[in-house]
Protein chains: 2
Amino acid sequence: RDGGRELMFYYGRRNGMAAHAVLRDCVLQIDEEVAKLLELKAKLGGDDGKHQFVLKTAKGTRDYNPKQMAIREKVFNTVVACFKRHGAETIDTPVFELKETLTGKYGEDSKLIYDLKDQGGELLSLRYDLTVPFARYLAMNKITNIKRYHIAKVYRRDNPSMTRGRYREFYQCDFDIAGQYDAMIPDAECLKIVHEILSELELGDFRIKVNDRRILDGMFAACGVPDDKFRTICSTVDKLDKMSWEDVKNEMVNEKGLSEQAADLIGEFVSMQGGRDLAERLLQNPRLSQNKLACSGLSDVKLLFSYLELFQVTDKVVFDLSLARGLDYYTGLIYEAVLTQAGLSGDTLNGAEDSVSVGSVAGGGRYDGLVGMFDPKGRKVPCVGVSFGIERIFTIMEQKAESSADKVRTTEVQVLVASAQKNLLEERLKLVTDLWKAGIKAEVMYKKNPKLLSQLQHCEESGIPLVAILGEQELKDGVVKLRVVATREEVDFSRADLIREIRRRTSEA
Amino acid sequence: RDGGRELMFYYGRRNGMAAHAVLRDCVLQIDEEVAKLLELKAKLGGDDGKHQFVLKTAKGTRDYNPKQMAIREKVFNTVVACFKRHGAETIDTPVFELKETLTGKYGEDSKLIYDLKDQGGELLSLRYDLTVPFARYLAMNKITNIKRYHIAKVYRRDNPSMTRGRYREFYQCDFDIAGQYDAMIPDAECLKIVHEILSELELGDFRIKVNDRRILDGMFAACGVPDDKFRTICSTVDKLDKMSWEDVKNEMVNEKGLSEQAADLIGEFVSMQGGRDLAERLLQNPRLSQNKLACSGLSDVKLLFSYLELFQVTDKVVFDLSLARGLDYYTGLIYEAVLTQAGLSGDTLNGAEDSVSVGSVAGGGRYDGLVGMFDPKGRKVPCVGVSFGIERIFTIMEQKAESSADKVRTTEVQVLVASAQKNLLEERLKLVTDLWKAGIKAEVMYKKNPKLLSQLQHCEESGIPLVAILGEQELKDGVVKLRVVATREEVDFSRADLIREIRRRTSEA
């Protein structure tokens, strides 16, 4: 029964030259055992009484219906237009990567990675984000500078919460700048892009929190956190947006064994929010100014704010010492955009504590070491980027569309070719062919003899603005009756004029 | 060791009331064994000497670089514009489905489905095509009529052949019409769409073969094929585009046990190609005219051709009795578009035998039973659709782009904001902010003091047509020097005129 221990024993007794061959044998034996057992399992499952087929999508995933797709298209158009305005190229990568490409990049969250079944061949996993595949792409193609965007789905076996727009399959819209450049210029452009996109989408007021990993590390050192506790204490700080300071301090002291004094010092720092002025003040702070890392971080934040002023985005940006970000790979500036429920004005934004964040919609930062992890010689490519959590934005846009009086159209049809009498299918097909040839978006109903009323109803339902009506009389006169659905106005046009008239009347669409 | 057989024995000895509980125990035991063995395997793998990290994408997959993405975007724009012109909505479905959703839909090819690893929870598989998820979507949402397109990646663990554009991850562009309509009207529109898209993409000459499953079945019956051999003989006929008639006949007679006489009768039919006339002739054929199924198929092909004439696409469509299509779920009309290497004119197309097909680029047909397979009450929704194998089209377009003199641009940047002297970063950032605000696609280089030459080189390399140059003098005069990269022409414009001038000069872009 215990084949595993048996194999281990077998392996343990032999060693030396043939170790590799033995290993291979063991693995093959295991594969065989596994296959046999799984086959048996499948057989047992097949016997399991009458099978109830469940008609659903996988847990944590959803279909997009045509209305949701229309909203998604609108959001993507805004996002892509901004990325293109800033001169980005785009790439695409496969939905799965070699498992080892993702290994060791996500810390504790690695358990959320979807693995593919071993069906012979390579071990594969679904991508967890777009950043690691991007770094793999750069290393593999020896690219040292590029400005690229990538819009694609990523996969996390997380606890889904559909109502809050958290799924197991979700879109990310990433914009990244790779290359050795002068400090904070590409970083500032990433924040400019966040500002532009969130403003254009009209999601309500937002703020962009910024901090720097070097400031966090310097602060931890200055507060007396031991070196080996930097990352774990950083994870605890990251919970400040969901937990009170009391609870966070409690976790630091009682779970992570930090001294109460160190925790209290951290507590003072992480309550600080401000702008360029705060960076300047902290550069004078007796504790922080002793720490080289902290000083270079603070100087860069100062520099960043000077660029942000030129970009005219400081109204929404807050230097917030409590921002920590979960991912391991950040090395410098980090940021996160949150929508604020209350409509805060720019003046009261800095330091305002009563605003409630309804969740992060974009985040990012600098990761100068990630590409080097893939390069055989460890060559580094500095990178900074931002990722939009677009699913939450869709949810908000859908709610807005629901409460709006305007109907969301799911097609762009300009005209329905209809007939008022029977036996005019051929004439309808001929006319619609002419319209398609002219690039007009047009439909006919797929019935030989549809009723005029049902044709008009179809227009009402799908928001088609015009109907081109054919009847015996129109055919005799060589005209088409053009009906405006909204006003019921009807005018006859010659075939020659019809196309121009349809274009004229739907030119805004 | 042989835990499988032991468990089976255990199960075999017990039965009756507790069978379900026993089964559950067995499955749990198996899961435990599997987990233990896999853990052991992972340990063994971890010991396997120095690990060589392989920097690659998964077998049969590829990244798209910015140039390939530019081509892909162009192809998608053409395809989507056509789908929208014909009034289609769009939907999206998750990349994975419950495994059982895909079970029993693809016949022998089911072995090519990618399964996800069982990490607890549901058993999932990557989608194999877009048709089955579409049918699942219709049944799940009780939709009885819709015209939708869906562009997304699908997954097949097939033998990849990158040079011929065959991948394990590839795009499909699907257009389908679901609903109870009059015969052949939606079917004809699908063929019209194939004709439009292949013409617009300028891939060279093509033909669209059509046939009907009912004609094939009727033909098999008329030739004396036993009922239970219809599907397997149909699979053999499907190989006629890759094998000679001799080999196909050999397989029918020697492998599948068909009589030589029946095979010869089939051989006569499957050599027939033509148009509406062929359908008319076959309706008079003494063998076929006895078969009800065949007659309804032939009448529908006749009707189809009358609609195709109105749609002006008969020049490329051939009624070809050898077309069989692999998938099980087709119930009526089937079709496949192939590019023909030789430039065949419309006149010589029908019946031409010397043309060599370079492979199918689109295919589809009617599948009236698939949605019913998902509906708890078996309610049917008639469907017809077409799927473009767009990867092969990308490959052809890429080759065309390679051999063309025109450079493919990967960004749409209209103007680079540059400076001729040092210390003008702030001025560049201010100006580019104004341009972005006006919707101009603009860039600055991320250096404090870039050389003018390197700024101009960047424009040459990325095809940026204009440079807005700032210098001390220009700042003093309140102007910007606009340089046309191609002609090196330089003109000063006031800030107020600059944006209009950039728009004017890049309005075709």
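R85(A) and E196(A) are both buried in this predicted model. Charged residues of this kind can still find a partner: the side chains of R85(A) and E196(A) meet in a salt bridge, with 2.7 Å from N to O. In general, side chains of opposite charge can pair when their charged atoms come close. Over all chains, the structure holds 82 salt bridges.

A second pair takes us across the boundary between the chains. The side chains of D92(A) and K153(B) form a salt bridge of 2.9 Å, again given from N to O. D92(A) sits in the loop between β1 (89-90) and β2 (96-98) of chain A, while K153(B) is part of strand β4 (residues 146-155) of chain B, so this pair joins two chains. D92(A) has a relative accessibility of 3% and, because buried means under 20%, counts as buried. K153(B), at 8%, is buried as well.

R500(B) and D497(B) meet through their side chains in a salt bridge of 3.0 Å, N to O. Both residues lie in helix α19 (residues 495-505) of chain B, three residues apart, which is about one turn of the helix. R500(B) is exposed, with a relative accessible area of 55%, and D497(B) is partly exposed, with 30%. Elsewhere, salt bridges that share partners link R72(A), K153(A), E169(A) and D92(B) into one network.

The meeting of the two chains can also be described as a whole. In total, 116 residues of chain A are in contact with 114 residues of chain B. The area buried between chain A and chain B is about 10900 Å², and carbon and sulfur atoms give 61% of that area. Charged pairs take part too, with 16 salt bridges counted between chain A and chain B. One of them is formed by K56(A) and E122(B), whose closest N and O atoms are 2.5 Å apart.

How are the two chains placed relative to each other?

Buried residues account for 54% of its 509 residues. Among contacts in chain A between residues at least 6 apart in sequence, 68% join residues at least 24 apart. The accessible surface of chain A comes to about 22600 Å², with 49% belonging to carbon and sulfur atoms.

Finally, the nonpolar interior deserves a look. In soluble globular proteins, nonpolar side chains tend to be buried together. The largest nonpolar core here has 131 residues, and those that touch the most other members are F83(B), L138(B), F220(B), I266(B), F319(B), F388(B) and I390(B). Helix α12 (residues 292-310) of chain B gives the most to this core, with nine residues. Leaving aside residues up to four places away in sequence, I266(B) touches several residues, including M219(B), F220(B), W245(B) and L258(B). Apart from this core lies another, of 128 residues, with C190(A), A263(A), F319(A) and F374(A) among them.

Technical notes:
Residues are numbered from 1 along each chain as its sequence is written. Chains are lettered from A and ligands numbered from 1 in the order in which they are written. This is a predicted model: local features need pLDDT of at least 70, side-chain atom pairs count only at pLDDT 80 or more; totals for chains, interfaces and linings use all residues. Side-chain values use heavy atoms; hydrogens and water are left out. Buried means under 20% relative accessible area, exposed over 50%, partly exposed in between (1.4 Å probe, protein chains only). Contact means heavy atoms within 4.5 Å. Accessible areas come from the Shrake-Rupley method with a 1.4 Å probe; for residues, only the protein chains shown count as cover. A nonpolar core is a set of buried Ala, Val, Leu, Ile, Met, Phe, Trp, Tyr and Cys residues joined through side-chain atoms within 4.5 Å. Helices (H or I, at least four residues) and strands (E, at least two) are DSSP runs, numbered from the N terminus. Buried area is the accessible area (1.4 Å probe) that two parts lose on being put together, summed over both. A salt bridge is a side-chain nitrogen of Lys or Arg within 4 Å of a carboxyl oxygen of Asp or Glu.
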